[in-house]
Amino acid sequence: MSDQQQFDLLRQTCSATLKQLISASQNTELHMQILSLPISLDAARQFSAQRKAEVAAHEAYMVASSHLAAFVQQHLYIVN
């Protein structure tokens with residue numbers, strides 16, 4: 001795989017995981033807006049599950065982003 005192909009793949013992966021993070025964050029926000037007191041056990045579980053999905057999406061984005069950053073750092077000599 002060429003450097004350009006590897007860069008494109010890392011960039012696309014980073015972009016896709018960012019979109020997932022944004023979507024998960026929006027879903028969490030929607031769930032948060034419909035919560036009201038007293039909160040039911042089912043609603044608390046749903047919110048907790050959505051929040052876990054958001055955290056997982058954030059972690060995936062951070063991994064993808066760090067891989068892209070490491071690749072760019074390794075190939076910085078090309079820009080200089």
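# Close-up views of H1 and H2

**View 1. The buried residues of helix H2 pack against helix H1.** The model is predicted: local features need pLDDT of at least 70 and side-chain atom pairs count only at pLDDT 80 or more, while totals for chains, interfaces and linings use all residues. Residues are numbered from 1 along each chain as its sequence is written, and side-chain values use heavy atoms, with hydrogens and water left out. Helices (H or I, at least four residues) and strands (E, at least two) are DSSP runs numbered from the N terminus. Gln50, Glu54, Ala57, Ala64, Leu68 and Phe71 are the buried residues of H2. Buried means under 20% relative accessible area, exposed means over 50%, and partly exposed lies in between (1.4 Å probe, protein chains only). Contact means heavy atoms within 4.5 Å.

**View 2. Leu10, Cys14, Thr17, Leu21, Ala24 and Thr28 are the buried residues of H1.** H2 is included in what covers these residues of H1. An α-helix has 3.6 residues a turn, so residues three or four places apart point the same way.

**View 3. H1, residues 3–34, packs with H2, residues 41–74.** Two packed helices are described by the angle between their axes and the distance between the axes. Here the angle is about 160 degrees and the axes are 8 Å apart. Axes are lines fitted to C-alpha atoms, for helices over the stretch in contact, and angles run from 0 to 180 degrees between N-to-C directions. H1 and H2 are therefore roughly antiparallel to each other. Angles under 35 degrees count as roughly parallel, over 145 as roughly antiparallel, 65 to 115 as roughly perpendicular and the rest as oblique. By class, the contact of H1 with H2 has 16 nonpolar, twelve polar and four charged residues. Ala, Val, Leu, Ile, Met, Phe, Trp, Tyr, Cys and Pro count as nonpolar, Asp, Glu, Lys and Arg as charged, and the others, Gly among them, as polar.

**View 4. H1 has 32 residues and H2 has 34.** From its first C-alpha to its last, H1 reaches 47 Å, close to the 46 Å expected at 1.5 Å a residue. The expected span of a helix is 1.5 Å times one less than its number of residues.

**View 5. Ser23 is in helix H1, and Val72 is in helix H2.** Ser23 is partly exposed, with a relative accessible area of 36%. Its C-alpha atom is separated by 9.1 Å from that of Ala57, 34 residues apart along the chain. Val72 counts as partly exposed at 38% relative accessibility. The C-alpha atoms of Val72 and Leu10 are 62 residues apart along the chain and separated by 10.0 Å.

**View 6. Leu35 and Pro38 lie in the loop between H1 and H2.** Leu35 counts as partly exposed, at 30% relative accessibility. Not counting residues up to four places away in sequence, Leu35 touches Ala43 and Phe47. A cis peptide bond, with omega about -5 degrees, joins Leu37 and Pro38. Most peptide bonds are trans. Ile34 lies in H1 and counts as exposed at 67% relative accessibility. Ile34 and Phe47 are 13 residues apart in sequence and 9.9 Å apart in space, C-alpha to C-alpha.
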